[in-house]
Amino acid sequence: MDILRRPSVPECRGHKRFLITAVLLVLLMSCKDNFGNVQTIGISENEPIGVAEQIHLKYTDSGRIKAILVSPKMLDYSNREFAFSEFPEGIVLDLFDEDHNKSVVVADYAINYDKTNLIDLQGNVRIATHNKDTLFAEQLYYDQDKEWLFTNKPVTFKTESDIIHGNIFDSDTKFNNASVLEPTGNITVED
């Protein structure tokens, strides 16, 4: 009969304490830091983490305006492993040199890659400098670190005296070392 007898109240409390302690230990051991996962709830990797509209950004250095960016829309994909910002409705970018001369960059679409500091400009790309040099292209890359422009797509480069068409363009941002490869068009040659 000892087998069928009910345990006394003090014995039940001991079993309950053991059971509660065991459950709490299991719960604590199964917990892990999910803060990163909580932050991304509701954010698809294919969706931007932010959207900005009617952008008018001014970039200054030592109190001097170096650039003004205007765009109807910017999509922020900094939640991606290879972070970037996309301007699906185009940009107008005013750039100012040390002498306050303004050059203007216009494109139907732009994408800025954060890790490489490379900007991909696409669709009716136009760069007009303060000294009246103008470059037209369907696609143009700008390396911000090297301050270098390049493309392997057809371009038209207008200077004060020439209109040069070509299939490859490579230049510094001031067009001091501009190269149009595979050129066609009117080119003035000095004796």
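Predicted model: local features only at pLDDT ≥ 70, side-chain atom pairs only at ≥ 80, totals over all residues.

Q: Gly90 first: buried or exposed?
A: Gly90 counts as buried, because its relative accessibility is 3% and buried means under 20% relative accessible area, with exposed over 50% and partly exposed in between (1.4 Å probe, protein chains only).

Q: OK, where is Gly90 found?
A: In the loop between β3 and β4. Strands here are DSSP runs (E, at least two residues), as are helices (H or I, at least four), numbered from the N terminus.

Q: And what does Gly90 touch?
A: Leaving out residues up to four places away in sequence, Gly90 touches Val70, Ser71, Pro72, Ala107, Asp108 and Tyr109; contact means heavy atoms within 4.5 Å.

Q: How far apart are the C-alpha atoms of Gly90 and Val125?
A: They are separated by 9.7 Å, with the two residues 35 apart along the chain.

Q: What about Ile91, what does that one touch?
A: With residues up to four places away not counted, Ile91 touches Leu69, Val70, Ser71, Val105, Val106, Ala107, Ala110 and Leu121. In the largest nonpolar core, which has 25 residues, Ile91, Leu121, Leu135 and Phe169 touch the most other members. Such a core is a set of buried Ala, Val, Leu, Ile, Met, Phe, Trp, Tyr and Cys residues joined through side-chain atoms within 4.5 Å.

Q: Which strands supply at least two residues of this core?
A: β2 (64–76), β4 (91–96), β5 (102–107), β7, β8 (134–143) and β10 (155–158) each do.

Q: Switching to Ser103: why does it count as buried?
A: Because its relative accessibility is 15%. Ser103 is in strand β5, and beyond its neighbours within four places in sequence it is in contact with Leu93, Asp94, Leu95, Ala128, Thr129 and His130.

Q: Now the rings: how many aromatic pairs are there?
A: The structure holds 7. Tyr77 and Phe84 form a stacked one, 4.6 Å centre to centre with 20° between the planes, and both residues are buried. Phe84 also pairs with Tyr113, and that pair is tilted: 6.1 Å centre to centre, 50° between the planes.

Q: What are the cut-offs for those labels?
A: Rings of Phe, Tyr and Trp (its six-membered ring) pair if their centres lie within 6.5 Å; planes under 30 degrees apart are stacked, over 60 edge-to-face, and the rest tilted.

Q: Where do Phe84 and Tyr113 sit in the chain?
A: Phe84 is in strand β3 (residues 84–87) and Tyr113 in strand β6 (residues 109–113), 29 residues apart, so the pair links distant parts of the chain. Phe84 is buried at 11% relative accessible area, while Tyr113 is partly exposed at 22%. Together with Tyr77 and Phe82, they form one aromatic cluster.

Q: How do β3 and β6 run?
A: Antiparallel, joined by 4 bridges; two strands pair if DSSP finds at least two bridges between them. Phe87 has Ala110 in β6 as its bridge partner.

Q: And what do β6 and β7 form?
A: A hairpin with 4 residues between the strands, where Asn117 in the turn has a positive phi of about 55°. The two pair in the antiparallel sense over 5 bridges, and Ile111 is bridged to Asp120 in β7.

Technical notes: Residues numbered from 1 in each chain as written. Heavy atoms only, no water.
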